[in-house]
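Here are some notes to read alongside the model. Have the sequence and the 3D view open as you go.

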Amino acid sequence: FPRSRWPSLSLEEYALGHDRSEDSFCRWMEFKAVALGSIRGGSAAKLIIFKFRAKAGWHYSKEFPDEQTAWQAGRAGFVKAFDLADEGRWADIDQIDALQRGPALKLKTTHLYFPDEILPVYSTAHLRHFLHRIGEHDKTKSGEPFFLNRTLLAALRSKEELADWSTKERERF
């Protein structure tokens, strides 16, 4: 799923639940690309638009009149997220309306294309937990997934730099 294909990616190439979804993007994100971190389980709503095999029709936010309109908004949301990431505007990604139902998928997808900028931790509860564990209690008040992920990444990078500095200083003696 090269990033360059996103502007023309079809709903069938993206979504789970239809007859040819074995190699769909969402199948890879939820079940196959486990080395990138897990988003498996829970509600299928995290995938933003999908089909249940046993139920008729597509499932998506009721703000859209049909699945194609929902998909156009979702696809445009991902493309916008990638463009914002290119600009380093990480917090703005949290504000993309079409991706609000899928914070874990949004983070994992962005990690796929920006692996050095997003940690492979996609649950806001887990991000808060890790921030608490490293003493960043005051940074956990925002529920926004990109804010939490980027805050944890910055804190870890800072602690790594301190650890590197400490090792170098010890070597001097």
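Which element supplies the largest share of the lining of the largest pocket?

1. It is α2, with three residues of that lining. β1 (50–51), like α2, gives at least two. Helices here are DSSP runs of H or I with at least four residues, strands are runs of E with at least two, and both are numbered from the N terminus.

2. Before going further, a word on the source: this is a predicted model, where local features need pLDDT of at least 70, side-chain atom pairs count only at pLDDT 80 or more, and totals for chains, interfaces and linings use all residues. Residues are numbered from 1 along each chain as its sequence is written, and side-chain values use heavy atoms, with hydrogens and water left out.

3. Back to the pocket. The largest one holds about 170 Å³ of space and has 14 lining residues, with L16, E30, A44, L47 and K51 nearest its centre. Sorted by class, the lining has six nonpolar, three polar and five charged residues. (A pocket is an open set of points on a 1 Å grid over the protein atoms alone, where a 1.4 Å probe fits, with protein on both sides within 12 Å along at least five of seven lines; lining residues have an atom within 4 Å of a point.)

4. Now look at the largest nonpolar core, which has 43 residues; W6, Y14, I49, F78, I93 and L105 have the most contacts inside it. Helices that each supply at least two of its residues include α3 (67–86) and α7 (145–172). The largest share, seven residues, comes from α3. (Such a core is a set of buried Ala, Val, Leu, Ile, Met, Phe, Trp, Tyr and Cys residues joined through side-chain atoms within 4.5 Å; buried means under 20% relative accessible area, exposed over 50%, partly exposed in between, with a 1.4 Å probe and protein chains only.)

5. Leaving aside residues up to four places away in sequence, I49 touches L11, Y14, A15, W58, H59, Y60, E67, A70 and W71, where contact means heavy atoms within 4.5 Å.

6. Lastly, the charges. The whole structure has nine salt bridges, each a side-chain nitrogen of Lys or Arg within 4 Å of a carboxyl oxygen of Asp or Glu. Among them, E13 pairs with R5 at 2.2 Å; E13 is partly exposed at 28%, and R5 is partly exposed at 33%. R89 meets D92 at 2.7 Å, while R3, D83 and D86 are linked in a network.

Definitions and conventions
Grid points are joined across faces, edges and corners, and a volume is the space filled by probe spheres set on the points. Ala, Val, Leu, Ile, Met, Phe, Trp, Tyr, Cys and Pro count as nonpolar, Asp, Glu, Lys and Arg as charged, and the others, Gly among them, as polar.
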